[in-house]
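Biologist: I am new to this structure and would like to learn how to read it. Please take me through a few features, with the general idea before each case.

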Amino acid sequence: MRKEFKQKLAAELALIANRSTRVCEDWIATPPRGAPDGEALSALLNSRIGDVVWKALTRSCAEPWRKKLNRQMEISQLLDQQRETAARLAALQNGGDL
């Protein structure tokens, strides 16, 4: 998640999870000094960064379903990007602004 939030990761997590920044700093410490409770985890998973949280949580899982699900998530993201790119290209070809 540090890639997505290069600065102030704890503050972003605190905002999403409705927890204090200090609590979130504990979650992301090395080694971690705590973990999100169920309510905070639910908020994180249901947020705009839910896919990133999911991948972080399941990173060490060796089960085949995890690889299949991550593959499907990546396919979905690529299809979204493809649609956005096609729409942008069409707009530009029709005289839209850069």
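Modeller: Start with a contact, which means heavy atoms within 4.5 Å. Helices are DSSP runs (H or I, at least four residues), numbered from the N terminus. Here Leu-9, Ala-10, Ala-11, Leu-13, Ala-14 and Ala-17 in helix 1 meet Thr-21, Cys-24, Glu-25, Trp-27 and Ile-28 in helix 2. By class, this contact has nine nonpolar, one polar and one charged residues; Ala, Val, Leu, Ile, Met, Phe, Trp, Tyr, Cys and Pro count as nonpolar, Asp, Glu, Lys and Arg as charged, and the others, Gly among them, as polar. The model is predicted: local features need pLDDT of at least 70, side-chain atom pairs count only at pLDDT 80 or more, and totals for chains, interfaces and linings use all residues. Residues are numbered from 1 along each chain as its sequence is written, and side-chain values use heavy atoms, with hydrogens and water left out.

Biologist: At what angle do the axes of helix 1 and helix 2 cross?

Modeller: Axes are lines fitted to C-alpha atoms, for helices over the stretch in contact, and angles run from 0 to 180 degrees between N-to-C directions. These two axes cross at roughly 115° and come within 8 Å.

Biologist: How does helix 1 lie relative to helix 3?

Modeller: Angles of 65 to 115 degrees count as roughly perpendicular. The axes of helix 1 and helix 3 come within 8 Å and cross at roughly 100°, so the two helices are roughly perpendicular. Leu-13, Ile-16 and Ala-17 of helix 1 touch Ala-40, Ala-43 and Leu-44 of helix 3. That contact has six nonpolar residues, no polar and no charged.

Biologist: Is Asn-70 buried or exposed?

Modeller: Asn-70 has a relative accessible area of 15%, so it is buried. Asn-70 lies in helix 5 (residues 64-93). Leaving aside neighbours within four places in sequence, Asn-70 is in contact with Trp-54, Lys-55 and Thr-58.

Biologist: And Glu-84, buried or exposed?

Modeller: Glu-84, also placed in helix 5, counts as exposed at 56% relative accessibility.

Methods
Buried < 20%, exposed > 50% of the residue type's maximum accessible area, 1.4 Å probe, protein only. Parallel < 35°, antiparallel > 145°, perpendicular 65-115°, else oblique.
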